[in-house]
Amino acid sequence: MVTIKTGTHLPTRAGSLNGVIVPEQPGKNAIEVRGVRKVFGTGENQVAALDTVSVSIRENEFFTLLGPSGCGKTTLLRLIAGFDFPTAGEILLHGQDIAPLPPFKRPVNTVFQSYALFPHMTVAQNIGFGLEMLGKPKAEIEARVAQMLKLVKMEALKARRTSQISGGQQQRVALARALAPQPKVLLLDEPLSALDYKLRKEMQIELKRLQHETGITFIFVTHDQEEALTMSDRIAVMSAGKILQVGTPRDIYDRPAERFVADFIGETNFLPGTVVSKQAGVATVKFASSATISAGYPEGFDPTGEVTLVVRPEHADLVPDPAKGTIAGTLSNIVYFGTDTHYHVKLDGGGENFIVRHQNSRSSAVTYETGVKVGIQFEEDAARVLKD
Amino acid sequence: MAEPRVMDIKDQPGFRTIAIICLLVLYVPVLILMIFSLNSGSLVTHWEGVTLGWYGTAFLNEEFHAAARNTLIISVTATIVSTICATLAAIGMTRVKPWRGLAAAFMVINLPLMVPEIITAVATLSFFALIAGVFGLNFGIGNLILAHTVFCIPFAYMPIRARLEDMDLTLEYAAADLYATPWNAFRRITLPLLVPGIMSGAALAFIVSFDDFTITQLVAGPGQTTLPLYIWNQIRRPMTPEINAISTILLMVSILFVSVSFLIARRRAK
C-alpha cells in the first residue's frame, strides 16, 4: 500500500505548470555528470550498469537518485565517491573532473547502507577519523568532533564502541563521521533501509535538518518512492542504467514523463484511448465509450493513435449516476485504509480495475456498496498521455 | 518459535556409546601418560605412589634444557617469519584484482598441507645436502628454522586469510572515503582488525613447529636436538616416568597455545 502525502512541504522550485515549461533556476552546480557510462564484465558478459547518464546536481540541494534495485543508482553513487571508475564520461565537482581521482582525494564523503563504522574505535574516534587522515591539528579535531556529536545528539555516547550502540545511533554516528570533514557533497546510499518504520520517519526529518543546518549538497540513493518524495528538492528517476526524468517531487508525481515513472512513483491507473486531436501540449483522447477527455503530455512527445492515459487514484472521483461519469463501471471492491478508502471499479470496457482513492472524513456524503454501477469523473488536468 | 527439527544426530540409537568410545580411545592413553608422570616408581607400567619428583629430575636435566632451548629458538623464529609471510600472502591474495595464477598461487602456498610430510622431509634434507655439497653452505640451526618456517606458512595462512575474507570490505572503502591513503587504511583499519587472525595463525604455526618430528629428525644436525627428538631418543632407552613428565610439560604448552588460538578465534566471531 502506498500513501502519498500531498502538502505544502513539497518544494516547487522548477518544473512545468499546466504543460508550460518553467526554466530551472540557474544555481551553481555541485556535481555534473556528463555522458557517464559504466560497463561491467568483458566480452559477451558485458553489462552496462550505466548507459550514458548526464545529470547536474546543484549546490545545497537534496538530490535523490530513485529507482528499483539494479537500475544503476548505486553504481552512479560509487562513481561519484570514487570506489569505481567510469568506462566513459566525466564527473565534474565544481567544474573539476574528479572521475580519475581515487576516493581519498575527493572532497566527497559517503554514508554507507551498512554504516561501515570501524568496530575497533569509539564513536568519537570514528567521527574524528576523516579529519585525522586530513592531518588536522588535534585541537581542531577535538572541537569538530564535539560539534558533530552535538549535531547528531550523541554526546553522551562518545566513548562507546560502535558495537555497543543501537542501529539508529549507529546511523547518527555514520552521518556525523561523513559530515565531520565538511565535504562538498555528501553521498547517502540507502542509509535508512535498515531502520524500522518509526525510526526511519524520525531519521528522514533528521536528515533534512542536517542538510539544512550544514548547507551541504546531499545525494541520496533510495528505492523508496515515499522517502524520495518527502525529502528531496529534486529527484532523478532511474531505470535500467538510464535517467528517465529529473524534477521536483511534484513534477515527478504530477507530470511523469514516462509510463515507468508514473508506475514506479505512487499508484496509477492506466486507461487505453485514441488521440483525436492535439494542440499546445494538450491532446483530446477518446475512450471506447466515445467519451473524450483533455490530457496533457510531456514535451518532446508526439502522441498519435492508440495511447495509454495515466490517472492518479486521488485525481478521480466516483459519482452515483453512471451517466454523469466520463467512464463507468461496476464497483467490485472497497478497501478501507484508515486515512482513505480505495474503490476498485471494473470498467464497462473491460481491462484492469480502475482505482479511485477517497480521503476519509467524518461526513462522507455518499456511501457505496460493491456491485453497484458507478461513474468516474476526472479532475481537471488529471489525465496524461505518456510514452510507454 | 520452535524450529522444526529435521534430524538430530543425538537421537540416533548408539550415538552416545560411539561418542564415548571415541573419546576414551582418544584421551585415555594421554591420561595414563600424564598419571604415570606422577609415579614414584621408576617404571612407566607399574604404579607405586604419587610424587612430583620426575618433574624435578626433568627440570634439572641439562639435555632437556638444551632441547627446550633449541625448540624455542626454532619455533619462535619460524613462527614470526612464517606469520609475516602468511600475512603478506593473504593480503596479496584477497585484496587484489583477480589475476592469472591466483588459484595456482593458493595451491603452492598450501602444498605443504597436502604433500606427505616424509616427502617434504626427504626433499628438504636433499636440498640442504645439495647446497652444503655444491656451495659448502651450512646454516647450522638456520637449516631447521628455514625448514620449519616453510611448513608453518600454510598453517599461519589459513586463519589470516579466513579473517580477511570475513572482513567487511566496506570498512576499507569507508577509510578511503575518509581520506585514508591505501597505506593508512591498511595500518589503521585492516591491520587492527586482522590482529585476531594473525594471532591465531601464529599460535597454530608455533604449535606445528613446536612438535614437529619428521622433518626435524631428518634435517637436524648434531647438537640440534629438539624436544620431540629428545623424547624419541629417550624412549629407545629403558623408560622412566621422567619422559612422562617431559611429555606432560610439552602437552601443557601445546594445550596452552591451542586454547589461546581458539579463544582468539572465538572472540573474533563475536
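Trainee: Got my definition ready: two strands pair when DSSP finds at least two bridges between them. Which residue in β7(A) is the bridge partner of A:Leu93?

Mentor: Nice start! This is a predicted model, and in it A:Leu93 has A:Gln96 of β7(A) as its bridge partner. A:Leu92 is bridged to A:Asp97 in that strand. β6(A), residues 88-93, and β7(A) are antiparallel, with 2 bridges.

Trainee: And what sits between those strands?

Mentor: The hairpin has 2 residues between β6(A) and β7(A), and A:His94 there has a positive phi near 50°.

Trainee: Which strand order does the sheet have?

Mentor: It is an open sheet of 4 strands in chain A, ordered β4-β3-β6-β7, with antiparallel pairing. β4 (47-58) and β7 (96-97) of chain A each have a single partner strand, so one side of each has no neighbour in the sheet.

Trainee: How many bridges join β3 to β6(A)?

Mentor: There are 5 bridges between β3 (residues 29-40) of chain A and β6(A). A:Arg34 stands opposite A:Glu90 of β6(A).

Trainee: Switching topic! How many residues are in the largest nonpolar core?

Mentor: That core has 141 residues, and A:Ile80, A:Val237 and B:Ala156 are among those with the most contacts inside it. Helix α8 (residues 182-210) of chain B gives the largest share, 14 residues.

Trainee: Where does the core lie relative to domain 1 and domain 2 of chain A?

Mentor: Between them, because domain 1 (28-260) and domain 2 (268-386) both give residues to this core.

Trainee: What other core lies apart from it?

Mentor: One of 10 residues, including B:Phe64 and B:Leu227.

Definitions and conventions
Residues numbered from 1 in each chain as written. Chains lettered and ligands numbered in written order. Predicted model: local features only at pLDDT ≥ 70, side-chain atom pairs only at ≥ 80, totals over all residues. Core = buried A, V, L, I, M, F, W, Y, C linked by C-beta atoms within 7 Å. Buried ≥ 20, exposed ≤ 12 C-beta atoms within 10 Å, placed from the backbone. Domains from an automatic or database assignment.
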